Every structure is written in structure tokens, then in C-alpha cells.
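Hello,

Here is the structure I promised to pass on. Please open it alongside this note, and then read on for what turned up in it.

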Amino acid sequence: MLTLRQLQYFEALAKEGHFGRAAERASVSQPALSVQIKDLEAHLGLTLVERYSGGARLTDVGEEVLEKSRQILLAVQDLQAFGQTRQGPLTGPFRLGVIPSIGPYVLPDILPRLRQTYPDLELILRESRTNNLISELEEGQLDAAIVALPLAEESLHCLPLFEDPFYLAAPKKKLEPSAISASSIPMDDLLLLEEGHCLRDQALQVCSLATNPLMKSFGASSLTTLIQLITNGYASTLLPQMCIEKEAGLDHISLIPFLDPAPSRTIGMVWRKSSPRSKDFEALAEIIKLR
């Protein structure tokens with residue numbers, strides 16, 4: 001008969017495209033995983049996987065079965081989560097994702113409060129870019145994520161938490177404005193995070209530009225790298241307030257606020273609408289708002 005284990009192994013194979021890597025992902029031997037996949041195919045009467053020397057790929061019908069399989073596995077996870085919520089808010093495992101431009105500046109404040117307020121919580125943290133976290137949320141690999149809003153995914157519930165204003169960070173000069181407008185940002189001297197970081201997209205929105213040929217082509221991999229480059233007079237950048245509050249090495253940088261209406265990003269928490277852990281999300285949101 002069809003089993004959850006078969007569906008889990010099938011999902012692992014779909015992710016890895018290789019029986020050996022899928023077996024490692026599922027913490028099982030390759031022969032055992034292969035047998036379970038064949039049993040799944042026999043039970044359904046369908047060929048789900050095309051096998052070749054370099055790995056495996058799903059057939060067209062395999063892709064359809066994968067979608068239905070993921071729905072079943074998510075429903076099972078939600079059932080388990082429902083039972084867990086009956087024990088009280090934020091008890092047991094909770095998988096939280098966070099983007100790199102938020103994690104280092106929010107987590108140090110909220111983790112001690114979480115340990116003190118919810119001692120039975122087993123928090124599992126995952127730091128990655130927004131697109132990765134959204135995919136992992138939708139696939140049930142995460143319970144919630146702290147990201148910058150808005151998001152377009154209709155399957156997710158978004159809860160705004162607080163606003164995070166932007167500042168222009170520039171090498172120190174003798175004459176500096178007390179405030180600056182977004183239209184006055186020196187585009188030929190602007191350095192941002194590399195492609196794929198949502199903070200880069202938000203900074204470009206502040207400038208009302210998608211791209212600009214005058215911008216420096218180098219993209220930094222982290223806010224810490226940006227700050228070091230600005231400190232050494234390389235360029236200017238936009239920094240969120242939460243970064244300014246926590247990062248070291250800002251003594252040699254001018255931090256110039258924006259004129260009203262000052263641009264900012266909205267920090268929020270997102271989760272699947274079908275998740276039964278609403279009380280957990282509410283409790284975690286209250287802790288984050290206290291930062």
C-alpha cells in the first residue's frame with residue numbers, strides 16, 4: 001500500500017535529481033530508497049521517474065504526482081502541528097527563516113526573550129534569501145519567516161511587525177547635508193548588495209530606478225562588507241536603521257536621514273495560510289515587536 005515514507009522519498013528524489021543524494025537527504029540507503037520509489041510506481045501504476053546514468057528526472061505524470069504528494073505531506077505536517085499547539089504556544093520544534101539583512105540585527109534581541117518566556121520552544125533557525133525562504137515555506141520546510149514586505153505569494157499570510165527607515169551612508173566630508181531627498185542620491189557613487197538580495201531591490205525602489213548605468217557594478221555580499229567599503233571611502237550606500245544600531249565601524253561614516261516622506265522597509269512575518277499555528281505566530285510577533 002502507499003505510505004508516507006514513499007512520498008517523502010519521492011519528494012527527496014525530486015529535489016536532488018539523483019538517487020544517491022536523495023538517499024543521503026532522506027537518511028536512508030540508496031537501495032532502500034530505490035525500492036520504495038519502485039513500490040510507489042507499482043502501486044500507482046505509473047512511471048514517475050526517468051532513470052539515466054547521471055541521475056533521475058521526473059516524468060510529466062511524475063510532476064503531477066509530486067504536487068499531490070506535497071499537498072498530502074503538508075496536510076500531515078499541519079495535523080502534527082495542530083496536536084502540538086494543544087500543548088500551549090511555542091512549544092516543541094519551530095522552524096524560523098530569516099533573511100541576512102535582518103537576522104544579525106533582530107535575532108540577538110529576541111532569542112533571550114524567547115528562551116525566558118517559552119522554555120519549551122525548540123527554535124530551529126535558517127538564514128537565506130527571500131526567494132529560498134518562500135519556497136521552503138510553501139514546501140513545509142519552514143513554519144514561518146521574517147522578511148521584508150510586501151510579498152506577492154497568495155498562499156502566505158503576511159503580518160507587518162515594524163518599519164525600518166533607510167539612511168544614506170557616505171564617507172565623511174567637511175560639509176554634509178542634515179538631510180537628503182531620495183532624488184538627490186549620487187547614483188554614480190552608489191554601491192548596493194549583489195543581485196538576489198531583497199534589500200538591493202528596496203534600495204533601487206527608494207531611488208525610483210530599476211537599474212542605472214552610472215551605478216558601480218560591484219555588488220557586496222553582506223551589509224558588513226558594504227560598511228567596510230564605505231568606511232574606506234569607496235562609495236555611498238543605503239543602510240536600514242536596524243543595521244546602524246548594531247554594526248560596528250560606523251564612526252567614520254556619515255549617516256544622513258532622508259527628508260519626509262522618509263523611505264523605509266516594512267519588516268514582517270509570513271507563514272502558510274493553511275498552518276494551524278496561529279497562536280504561535282502571534283506569540284512570536286509580540287516578542288519581535290518588543291525588540
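For the terms, a pocket is an open set of points on a 1 Å grid over the protein atoms alone, where a 1.4 Å probe fits, with protein on both sides within 12 Å along at least five of seven lines, and lining residues have an atom within 4 Å of a point. The volume is the space filled by probe spheres set on the points, which are joined across faces, edges and corners.

Before going further, please note that this is a predicted model, where local features need pLDDT of at least 70 and side-chain atom pairs count only at pLDDT 80 or more, while totals for chains, interfaces and linings use all residues. Residues are numbered from 1 along each chain as its sequence is written, and side-chain values use heavy atoms, without hydrogens and water.

Back to the second largest pocket: 21 residues line it, and Ala148, Pro150, Cys198, Asp201 and Gln202 lie nearest its centre. Helix H7 (198-206) gives the most to this lining, with 5 residues (helices, H or I, have at least four residues and strands, E, at least two; both are DSSP runs numbered from the N terminus). Domain 2 (89-161 + 267-290) and domain 3 (162-265) each supply at least three residues to the lining of the second largest pocket; the domain bounds come from an automatic or database domain assignment.

The largest pocket holds about 600 Å³ of space. Of its 24 lining residues, the closest to the centre are Gln8, Glu11, Gln77, Arg95 and Gly140. Helix H4 (60-85) gives the most to the lining of the largest pocket, with 7 residues. Both domain 1 (4-83) and domain 2 contribute to that lining, so the largest pocket lies between them.

The whole structure has 2 aromatic pairs (ring centres within 6.5 Å; planes under 30 degrees apart are stacked, over 60 edge-to-face, the rest tilted; for Trp the six-membered ring is used). Phe94 and Phe281 pair edge-to-face, at 6.0 Å centre to centre with 70 degrees between the planes. Trp271 and Phe281 are stacked, at 4.3 Å and 15 degrees. Phe94, Trp271 and Phe281 form one aromatic cluster. Trp271 is buried, with a relative accessible area of 10%, and Phe281 is buried at 0% (buried is under 20%, exposed over 50%, partly exposed in between, with a 1.4 Å probe and protein chains only).

Best wishes
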